[in-house]
Amino acid sequence: MKHLLQRINQPTSIAPLIVFRMVFGAVMLVSMVRFMLKGWVYEQYIKPQFYFPYFGFEWIRPLPPAAMYAVFVLMAMAALGIMLGLYYRWSATAFFLLFTYVELIDKTNYLNHYYFVSLISFLLIWVPAGRCHAGRRHAGRYFSLDVWREPASAYSQVPFWMIGMFQLQLGIVYFYAGLAKLNADWLLEALPLKIWLPVHTDLPLIGPLMQYAWVAYAFSWFGALYDLTVPFLLLYRQTRPWAYAAVVVFHITTWLLFPIGMFPFIMIGLTLIFFPARFHESLIDSLKRLISFVKHTLMRGIMVGEDTDHGDGRMVSVFTDHGDSNEDTDHGDRKQALSPVLYPHKPEQHSTIPGLVSSQTGTVLSPVLYPHKPKPAALSPVLCPHKPEKNKAPYAHFYQYVLALFFVWQLLFPWRFLLYPGELFWTEQGYRFSWRVMLMEKAGYVTFHVKDPATGGESEVSVSEYLTPNQEKMMATQPDMILQFAHFIRDQYRQQGIEQPIVQAEAYVTLNGRGSRLFLDPDVNLAKMEDGWQHKSWIIAKQPYTAAQAQ
Amino acid sequence: MKQKSQYILAQATTLAQASACAFMPKHKHDNIATVVVTGKRILLYTLFLTVLLTSCTEETGEAGEEFNRSQLLENIGSNIIVPAFATFSQSTMTLLEQAKLFAEAPSENRLTALQDDWKTATQRWEQIAMYDLGPMETQDAMTSISNFPTNTIAIEEAIGGGSEISEAYIASLGSSSKGLPAIEYLLFDKENGNEAVLNTFASDKRISFIVALCENLNTIAISLNAGWQPESGNYLATFTSMDGKDAGSSVVLLANQLIILTESVKNKKVGIPLGKKSLGQMLPKDVEAWRSGISLALIAENITAIDNVFRGKSGTVDGIGFDDYLDQVNAQYEGAPLSQAIAAQLTNISTAQQAISLPLQDALTAETAQVEKLYDELQRLVVLLKTDMMSSLGLLVTFSDNDGD
């Protein structure tokens, strides 16, 4: 235990966090812009007349149209802030809150990767990813606007858990996605890939293969094996390059085959967190060189004949040469290489320079390194969980408990489906928030019948009058959504003066290409059923299929 | 080709050796250089694999027996849709000419001929009602052609108002006071017969109005036809070329229209008159074309249109349709091919429809059980199309990103 604590608090380079932060911010920025450009703000949060909030979050409502757009613009700005490290913690907090708010508005739009984005942005709040400089080889070269604004607030090292928790989060996603694939349909029938792949025979190169059943089996088994092993293979130096190549190939493949959005790119970018600090440092260096190259090219273009050194605007130079030197990167690089005292090339010395790094806190706050501001900045409680006892504020451990709880919850919550009778894919009780990604081909059709017990009159409800096609499609296979809509209908009819309308759902569902069949008990009055965590007994248990049907 | 393969093989061996060395743990601490080298190796490997795969597919030659969506679109587009728009356009032209004849000298004979031409045009319309994509969608023509029940009060106001009656005036009217249902209202009197109809045409304005209605309809029909024809708008080419798999592809659009029409027949043409939206209170005046009494024939036209597109059938030629698609992907329903289940259900609908002997508005009360039966059979088809067929197409029709099911 003590060993573990030491391990998770061991100081380690902040570089992986910098790259992680930048990749996440960049992909989210693209995501938000893409979302707006595709008109989805309107389609998903303005156009619908009715929303399907999550159980317990019914109080979350969409805002007026202009405000909804503002939310997305703010999210894009927050993503930019995360990417640049500008007002980082505010940006991360704002992004987490806004994104999660938007996702909570309507279940229709639930995607595992949106859930994942919420979780990652939550975790990002707790780390000083905006207070970093680029570490050992290029100490003093910042890669965050916050540090440019306030150099004294920079850290070059963080306790290991700040990186490890992202690895753990990614590992959970993969491993649980792999566990979810361990079911008979996926492994023994290669379903639903057997349904989805033959459509892709027109792909270049691999297209013609897609019609063969063995390819569907190969994809299914490889997919399961990949998900289950990749987090572990990414942990070890020997297997890491191969595992990462698999990550790239796997996600690009899913991107080619399925309308899966930005998810592949999120994963390809974020799994870099498994690489060692050196890798990230060199990545940052390359990026710096690129930026400085671009900058120089631009400067040459602007100031013909003038020397490229000096004179460049502060904003432009932020990424390259800020800190203790105001010179250009090229020069700075050379200079830096020539200062063995401050930047010893032996890595082990790095974390143990006396007075610079506390091995307990993993914080670098030396005035030597930051000549501009000789006064050491106040230590952030986030960074120093194990500061000497006397300094231990009551909230010092708070965030660690929060995070521990967060991960315990994550490990346990996906198993809740075991508490429900019936087949998970059919009933979808405990399906969401469990990393079940692209696991089944399910389609449904539901007709709502409303009866007025006073007169015996009976009507059907035109679902499409109230729901968007997407909402209708998503609702048709998910009992909790059908129930929510039934309640909505009940309330509509009550408003029309029918006091006790009986609402029944005639629903048919097909799962993994097996014939459609009755999904819910058509005689149950859904107007009287309560939503909640309890088992929905009005879902008709799925009967086993005969061999002939299961083809 | 052979030389190329040998070259690739040689490359592969070198690469394999080189990379095997690269991944040997030479030093305890791998340095940046190794990482960079490793990265390059991976890149080379990817390149090598791509080349290998390319050469493989080149050697095996043509693709296998994959289902070709563009063939389906080609067949349905050229052999079913385009001819249907052409025939509809011809029928509205005939209708317009007859309306002009009638306008010259209204007589019972000319009225009957006009009524027959209206019936023909309406039946042809039901053959294209499904294709609310491309020109029909962009021109927003669907409701201008057929929006029932027609608004008789608005029509009488339009005729009686001070405006001069012209085609442009018709174009400015709301969709519920023009198109085929409005023409029907002016031409048919279910209670009092043709003599009463002729009497109403004593008014010159009424005569101008019906001619203008027909002109407006014909203009729309010509424009739709032109939109599809290869020599003019050529939406056919666009339609055929959108052979992808996303929500905007033609296969998905067409499948959706197939479902929308089935649902429309079920809900609008049968369900609403049966009282399915009015707590059981039957609404015979909401039956399509009740004045002319041909509602069931129109439903039959819709079902034929659905059947044709599903089977890819034009005339007696059974070309590539959704049934072939479903067979190709081996879609099953209750142990038999799904295509058969859907075809059988289409037959069930025809049988149920033929079992109704009276015009629909009368059958609602006199043959309620038969009408209910037709309704149920339509419902079964909707389920098969909307769940089983859409699911089996493997197209993952989505309206946004998807990773859920």
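**Helices of chains A and B in a predicted model**

Good morning. I begin with helix α14 of chain B, residues 295-311: 12 of its 17 residues are buried, so this helix is largely enclosed by the rest of the structure. Please keep in mind throughout that the model before you is predicted.

Which residues of α14(B) are buried? They are B:Ser295, B:Leu296, B:Leu298, B:Ile299, B:Asn302, B:Ile303, B:Ala305, B:Ile306, B:Asn308, B:Val309, B:Phe310 and B:Arg311. The length of the helix can be checked as well. Just beyond the helix, B:Gly312 adopts a positive phi of about 70 degrees.

Chain B contains 18 helices and 4 strands. It has 405 residues, of which 43% count as buried. Where contacts in chain B have a separation of 6 or more, 73% of them are between residues 24 or more positions apart.

I turn next to a pair of helices in chain B. Helix α4, residues 108-128, and helix α9, residues 179-187, have axes that come within 11 Å and cross at roughly 155 degrees. Because angles over 145 degrees count as roughly antiparallel, α4(B) is roughly antiparallel to α9(B). The crossing is left-handed. On the side of α4(B), the contact is made by B:Leu114, B:Gln115, B:Trp118, B:Ala121, B:Thr122 and B:Trp125; α9(B) contributes B:Leu180, B:Ile183, B:Glu184 and B:Leu187. By class, these residues divide into 7 nonpolar, 2 polar and 1 charged.

We now move to chain A. This chain has 22 helices and 8 strands, and 45% of its 551 residues count as buried. For contacts in chain A between residues at least 6 apart in sequence, 65% join residues at least 24 apart.

How do α2 and α4 of chain A run relative to each other, roughly parallel or roughly antiparallel? The axes of α2(A), residues 15-37, and α4(A), residues 65-84, come within 7 Å and cross at roughly 160 degrees. The two helices are therefore roughly antiparallel. Their crossing is left-handed. Among the residues of α2(A) that make the contact are A:Phe24, A:Met28, A:Leu29, A:Met32 and A:Phe35, while those of α4(A) include A:Phe72, A:Met75, A:Ala79 and A:Met83. In total, the contact has 16 nonpolar, 1 polar and 1 charged residues.

An α-helix has 3.6 residues a turn, so residues three or four places apart point the same way.

My last example is helix α22 of chain A, residues 479-495. Its 17 residues, at 1.5 Å each, should span 24 Å, and its end C-alpha atoms are 24 Å apart, which agrees. The buried residues of α22(A) are A:Pro479, A:Asp480, A:Met481, A:Ile482, A:Leu483, A:Gln484, A:Phe485, A:Ala486, A:Ile489, A:Arg490 and A:Tyr493. Against what do these buried residues pack? Their partners in chain A are the helices α19 (424-427) and α21 (469-475), together with the strands β5 (442-451), β6 (458-461) and β7 (502-511). Just after α22(A), A:Gly497 takes a positive phi of about 100 degrees.

Thank you for your attention.

Conventions:
Residues are numbered from 1 along each chain as its sequence is written. Chains are lettered from A and ligands numbered from 1 in the order in which they are written. This is a predicted model: local features need pLDDT of at least 70, side-chain atom pairs count only at pLDDT 80 or more; totals for chains, interfaces and linings use all residues. A residue is buried if 20 or more other C-beta atoms lie within 10 Å of its own, exposed if 12 or fewer, and partly exposed in between; C-beta atoms are placed from the backbone. Two residues are in contact if their C-beta atoms, placed from the backbone, lie within 7 Å. Axes are lines fitted to C-alpha atoms, for helices over the stretch in contact, and angles run from 0 to 180 degrees between N-to-C directions. Angles under 35 degrees count as roughly parallel, over 145 as roughly antiparallel, 65 to 115 as roughly perpendicular and the rest as oblique. A crossing is left-handed if the near helix is turned anticlockwise from the far one by less than a right angle, and right-handed if clockwise. Ala, Val, Leu, Ile, Met, Phe, Trp, Tyr, Cys and Pro count as nonpolar, Asp, Glu, Lys and Arg as charged, and the others, Gly among them, as polar. The expected span of a helix is 1.5 Å times one less than its number of residues.
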